[in-house]
Amino acid sequence: MNTTASSTSDLTAEQTLSLAQALQMPRIAIESVKPDAGGERFAAKAVVYQPSTISAVVFSDGHDQLAVDLVWRRFPEAHWLRTPMEELGNDHWSADMTTQLAGRVLFAIEAWIDLYGTFHYELQKKHQSGVSVELELQEGAALIKDSAAQAAAQHVERMNELVAELDACVGRDQLLAVMLDPSTVTTMRSAGLRAHLTRSPVQALEVERELAQFASWYELFPRSVTDDPARHGTFADVAQRLPEISQMGFDVLYFPPIHPIGRTHRKGRNNSLVAEPGDPGSPYAIGSEEGGHDAIHPELGSLDDFLKLVGKAREHGLEIALDFAIQCSPDHPWITQHPGWFSWRPDGSIRHAENPPKKYEDIVNVDFYAEEAIPDLWLALRDVVKGWVERGVTLFRVDNPHTKPLPFWEWLIADIRRDYPDTIFLAEAFTRPAMMARLGKLGFSQSYTYFTWRNTKDELQSYFAELNESPWRDCYRPNFFVNTPDINPRFLHDSGRAGFLIRAALATMGSGLWGMYSGFEIAEAAPVPNKEEYLDSEKYQLRLRDYQAPGNIVAEITRLNLIRRQNPALQTHLGFQAYNAWNDNILYFGKRTEDLSNFILVAISLDPYQPQEAHFDLPLWEFGLPDDASMHGEDLMNGHTWTWHGKTQWMRIDPAHQPFGIWRLRTVEGTQL
């Protein structure tokens with residue numbers, strides 16, 4: 001008789017197990033189901049057309065054989081699909097699942113005692129040992145007929161055919177042949193009795209398109225795309241830059257807010273409290289009499305101009321990403337239309353945004369839990385995102401999501417993705433690890449990271465490895481931005497061209513997602529003294545640039561992006577493995593696909609000033625080769641090829657030439673893996 005049992009109990013820590021409860025509890029244990037971002041509520045990350053490996057530890061008492069299936073369905077569809085799991089040994093089971101559409105997928109593990117599988121195993125052993133199996137044949141026939149009598153509708157025809165085969169058998173040998181036939185085992189596994197059937201709790205995967213895992217982001221201020229410091233750039237000007245951005249290998253063109261900018265308390269150059277005539281102000285002070293979050297700054301162009309740019313970008317293989325910043329200037333229309341959405345001080349003044357000791361006089365924040373804000377503010381913000389999605393924008397960089405309510409993001413992202421599953425959300429969350437992970441769990445596709453402040457070999461190696469481990473690997477995709485309008489990393493202040501190449505190599509090789517803010521390609525680094533901020537920050541003024549200026553690294557960035565596109569191992573942050581290089585100034589690691597068909601070695605000098613040398617290990621053991629074996633190497637930056645002999649090798653990296661090496665490793669022809 002089949003028994004369906006839950007894998008959880010209702011017992012509390014203060015209760016003891018009664019006999020009645022024990023009899024209802026599952027006989028089969030299903031543990032360590034992975035990936036796991038937190039059950040059905042929080043989904044682990046997955047990508048369309050790429051297999052997701054589902055694994056579990058499954059076991060029971062005794063020596064009976066188990067059958068284990070992965071069951072899964074796309075939400076909100078009701079029909080469950082079924083995939084047999086493979087036993088890997090030591091009670092570990094695994095199966096791969098691949099989907100072709102973006103959206104949420106629910107999955108669970110089902111396990112049962114495989115009565116016929118156990119019978120078949122014992123029958124075969126006894127027969128091969130010459131033991132009489134007359135009684136076993138009777139037991140097998142009864143088991144098959146019992147299963148046929150209880151078979152589900154979709155299995156009745158096949159089970160009846162099997163019973164007919166048994167009834168037609170004449171003598172022991174024919175019965176034995178039918179019962180040992182592999183097709184009988186297969187039929188009975190799918191249609192036979194499922195004793196002590198147990199199902200794990202349902203868990204979830206958020207399946208997204210490839211751009212959520214593998215993309216190169218380029219950020220620019222549209223207003224600075226101009227040839228005249230007195231002329232505000234436009235969307236039409238940006239369209240002229242699309243070919244060169246595309247040719248560098250970028251997939252995403254990201255704009256800071258493109259909405260009307262407030263005039264009250266407008267910031268001047270270098271964040272001064274008083275704006276001079278003609279100062280454009282910070283685009284993060286959103287809203288004026290021209291409109292709010294759903295409007296476009298009139299000096300950039302019209303909505304029609306923006307829509308033309310979105311279409312033109314797609315022709316060049318680029319998607320436009322917009323900034324979703326939930327903050328308002330004092331001139332935002334919502335303040336007069338919905339004053340109850342904001343916080344007001346006892347003197348009647350509106351509360352400005354603060355991060356003590358910093359105060360942002362040109363910005364005010366909404367109050368998500370104000371009486372009049374529930375639910376109207378939440379719906380209005382959702383409608384802002386929905387409106388841009390309907391205009392062709394499917395990527396959003398979300399400003400400071402960790403300062404907004406987590407339930408809001410969980411609801412908004414799910415609500416948008418229900419109708420627009422291709423929408424990607426990037427969290428600009430430089431905050432505590434638990435919060436960054438939680439944002440990933442509740443729906444953010446990817447996130448800014450601590451990479452910006454990891455500089456030493458130990459820091460980088462530890463951080464890259466951590467991102468490859470649970471829980472991070474299941475819920476978090478790191479986007480390695482090398483700089484942002486807010487962050488001018490100290491490493492770049494005086495490291496020159498070599499320093500920029502070092503950080504570009506670390507970002508592009510370390511993660512499938514990376515980004516750069518314009519100016520990086522010309523090694524722009526002048527800081528506000530003693531701060532990680534840009535002098536003459538583009539947040540408060542127009543910045544004209546010559547992107548072909550001497551010393552630029554455009555060619556190297558283009559090559560790095562091409563290498564990423566040509567090598568699947570580099571299209572994710574997963575697969576990282578640090579290897580030995582006996583020099584603390586050289587980070588040396590490998591990235592590889594699971595089948596080793598694409599195996600990349602990366603060596604990056606972290607010293608932008610002096611040449612560095614090191615002996616290093618060639619990871620022959622990864623291919624099952626002895627220490628004296630040979631491997632082919634190819635320099636992916638220049639195409640040079642050679643053959644390495646033996647495990648111990650030597651490198652010299654000169655930052656004056658190129659502060660890193662990227663090598664594709666291949667076995668010598670005829671070598672058996």
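Which residues of the largest nonpolar core touch the most other members? In this predicted model, they are V58, I109, F306 and W409, within a core of 133 residues. Leaving aside residues up to four places away in sequence, I109 is in contact with I30, V33, I54, A56, V58, V68, D69, L70, M85, T198, R199 and S200.

Although I286 and I261 are 25 residues apart along the chain, 5.1 Å separates their C-alpha atoms. Beyond four places in sequence, the residues touched by I286 are P257, H259, P260, G292, H293, A325, Q327, C328, S329 and H332.

The packing of two helices, α16 and α17, is described next. Their axes are 10 Å apart and form an angle of about 15°, so α16 is roughly parallel to α17. The crossing of the two helices is right-handed. The residues that make the contact are given below.

| Helix | Residue range | Contact residues |
|---|---|---|
| α16 | residues 496-510 | R497, L501, A504, A505, T508 and M509 |
| α17 | residues 554-566 | E556, L560, I563 and R564 |

Classed by residue type, the contact of α16 with α17 comprises six nonpolar, one polar and three charged residues.

Note on methods. Residues numbered from 1 in each chain as written. Predicted model: local features only at pLDDT ≥ 70, side-chain atom pairs only at ≥ 80, totals over all residues. Heavy atoms only, no water. Axes fitted to C-alpha atoms, helices over the stretch in contact; angles between N-to-C directions. Helix = DSSP H or I, 4+ residues; strand = E, 2+ residues; numbered from the N terminus. Parallel < 35°, antiparallel > 145°, perpendicular 65-115°, else oblique. Left-handed = near helix turned anticlockwise from the far one by under 90°. Contact = heavy atoms within 4.5 Å. Nonpolar A, V, L, I, M, F, W, Y, C, P; charged D, E, K, R; others polar. Core = buried A, V, L, I, M, F, W, Y, C linked by side-chain atoms within 4.5 Å. Buried < 20%, exposed > 50% of the residue type's maximum accessible area, 1.4 Å probe, protein only.
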